[in-house]
Amino acid sequence: MNKNSPSDIVESLVGKAKEAQNIFEKYNQKQVDEVVTAVAWALCKPSTNKLISKLAVNSTGLGDVEDKILKNRRKTLGLLRDLKGVKTVGVINEFKEKGIIEIAKPVGVVGAITPSTNPAATPVNNVINALKGRNAIIVSPSPAGSKVFKQLLEFINIELEKIKAPKNLIQTFDMPVTKDLTNALMLKVDLVIVTGSLNNVKQAAKSGTPAIGVGQGNVTVIVDETADLEDAAKKIKMSKIFDNATSCSSENSLIIIEEIYNNLIDCLKKEGATLLNNEKKKLLEKTLWIEGKLNREVIAKPAKFIADKINLSVDSDIKILMVEEEGVGSEHLFSGEKLSPVLTLYKAKNFDHAKEIAHKILNYQGIGHSIGIHSKAQKRVMEIGLELPVCRVIVNQAHTFATGGSFTNGLPFSLSMGCGTWQKNSIDNNLNYKHFINTTKISTTIKGSEAELKDYFEDYCKKYSPEEVKNLE
């Protein structure tokens, strides 16, 4: 037998995880919450956060150090806010009128597949949610992000040793991460969480293990004639350039109502955006995509870096590159996700036309994920929510900061957004602690009220079968 085979390596990790989890599941709520706090502090500790953020950018070549420091801190603190006072041990709910008592149980050993775009924030979010449910977790980071998580795990284990938490509650691979190792992990754990690669999401679904995969983003934002254009431009700029647009929640396309199109462009220019002509647009396209795939050499880099790469003459303080587009689909690459500070602009005749364009973009890429709108018309906000195939509608907010939870909205803090059945996901919510627990329901008898035929069929029969009304007694 080859003890170094992916299957045997994973089996050894899972065995250790189960031993740790068997101890951990006996912890009370106070002890569990202390473990959660220890892990969160390991990343939020300023010196560690700075070190890890620098390592993340240096190792992956993606994003911005200062923004990653902010993201790691904000996302982790936001998650702690969501989890504060939440019961995940023993009785968590009691509904006396229904005679139901709910008891939380762990799912067991979690396998988390995490991306290079957020090599610290995403795994820590998964780890904290898993531990809140008294699970053990094995993280399979992207090859580019592996060094980052290994270093972070050392800091986490220092904190866990202080509180004498079970060893091996959190593990990762000692050797380079491969597809074979990741696939073997999916087969042997009790629950798989996948953020990032669509191939990994598909593989998880095939593994036979309960899996939660999340979908691809390609955020579109509608700006209508009722919007505060200066405010919208500021929020779009803040969101678009954050961490050099590594987030799946970063704006990719703006659909702008015709009558305010030029005004909004002027506002965006004041925020540091520049509009490329057709010739420059073609140069950008050739550099941003190679054989239809995003070029890793230029994604998640500042706008000035990308401009210099293609010899575009732009101001030194330029923040966003904008291009105009009319078409949608694989022959119009700018209609898709760009993972860079590049914004695609669409001009809409009216709001109905804007919805039509948005629907086409969603059907091409990013369906189910989210859409943004800057508007003062609540009726239009509701139309978007009722008509378009998305799980989140972000209203008058900086999309990147809002979609994954914010201190000024009620969405759960997360870096993994479910896109529902539109993207073949099993969840349509932001990934959160509820996805990491099983629930036992105790049912006792309550005062009954037996239903009668006439309670449900009388109106129907009166309308369509009057002769049957007498048979409802």
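Let me open with a residue in a loop. Asn-244 sits between α9 (229–241) and β9 (251–257), in the loop that joins them. Keep in mind that this is a predicted model.

Most residues other than glycine have a negative phi. Is Asn-244 buried or exposed? Its relative accessibility is 9%, so Asn-244 counts as buried.

Now step to Ala-245. This residue is also found in the loop between α9 and β9. Ala-245 has a positive phi too, of about 65°, and again it is not a glycine. With a relative accessible area of 1%, Ala-245 is buried.

Helix α5 covers residues 121–132, which is 12 residues. From first C-alpha to last, α5 reaches 16 Å, close to the 16 Å expected at 1.5 Å a residue. How many of the residues of α5 are buried? The count is 12 of 12, so α5 is mostly covered, with buried meaning under 20% relative accessible area. Among them are Pro-123, Asn-125, Asn-126, Asn-129 and Lys-132.

Next, α1. Helix α1 runs over residues 6–24 and has 19 residues. Its span is 26 Å from first C-alpha to last, close to the 27 Å expected. Which residues of α1 are buried? Asp-8, Ile-9 and Val-10 are, then Leu-13 and Val-14. Further along come Ala-17, Ala-20, Gln-21 and Phe-24. Here is a point to hold against that list. An α-helix has 3.6 residues a turn, so residues three or four places apart point the same way.

On to helix pairs. Start with α2, residues 29–44, and α6, residues 146–162. They pack at about 140°, and their axes are 8 Å apart. That angle makes α2 oblique to α6. The crossing of this pair, α2 and α6, is right-handed. Who meets whom? On the α2 side we have Val-35, Ala-38, Val-39, Trp-41, Ala-42 and Leu-43. On the α6 side we have Leu-152, Phe-155, Ile-156, Glu-159 and Leu-160. By class, the contact of α2 with α6 has 10 nonpolar residues, no polar ones and one charged.

From α2, the contact uses Trp-41, Ala-42, Leu-43 and Cys-44. From α3, it uses Pro-46, Thr-48, Asn-49 and Ile-52. The contact of α2 with α3 divides into six nonpolar, two polar and no charged residues.

Now the pair α13 and α14. Helix α13 is residues 351–364, and helix α14 is residues 378–387. Their axes come within 12 Å and cross at roughly 30°. So α13 and α14 are roughly parallel to each other. Their crossing is right-handed. Phe-351, Asp-352, Lys-355 and His-359 of α13 meet Arg-380, Glu-383, Ile-384 and Glu-387 of α14. Which classes make up this contact? The contact of α13 with α14 has two nonpolar, one polar and five charged residues.

Thr-182 is in helix α7, residues 179–188. At 5% relative accessibility, Thr-182 counts as buried. Setting aside residues up to four places away in sequence, Thr-182 touches Ile-113, Ser-140, Val-177 and Asn-200.

Pro-210 lies in the loop between α8 (198–206) and β7 (211–213). Beyond its neighbours within four places in sequence, Pro-210 is in contact with Asp-190, Leu-191 and Val-192. Pro-210 and Leu-187 are 23 residues apart in sequence, and their C-alphas are 9.7 Å apart.

Finally, Leu-472. Look in the segment after α16 (453–464). Leu-472 has 9% relative accessibility, so it counts as buried. What does Leu-472 contact, leaving aside neighbours within four places in sequence? Leu-453, Lys-454, Phe-457, Glu-458 and Cys-461. From Leu-472 to Val-32 is 440 residues in sequence and 55 Å in space, C-alpha to C-alpha.

That is the tour. Thanks.

Conventions:
Residues numbered from 1 in each chain as written. Predicted model: local features only at pLDDT ≥ 70, side-chain atom pairs only at ≥ 80, totals over all residues. Heavy atoms only, no water. Helix = DSSP H or I, 4+ residues; strand = E, 2+ residues; numbered from the N terminus. Expected span 1.5 Å × (residues − 1). Buried < 20%, exposed > 50% of the residue type's maximum accessible area, 1.4 Å probe, protein only. Axes fitted to C-alpha atoms, helices over the stretch in contact; angles between N-to-C directions. Parallel < 35°, antiparallel > 145°, perpendicular 65-115°, else oblique. Left-handed = near helix turned anticlockwise from the far one by under 90°. Contact = heavy atoms within 4.5 Å. Nonpolar A, V, L, I, M, F, W, Y, C, P; charged D, E, K, R; others polar.
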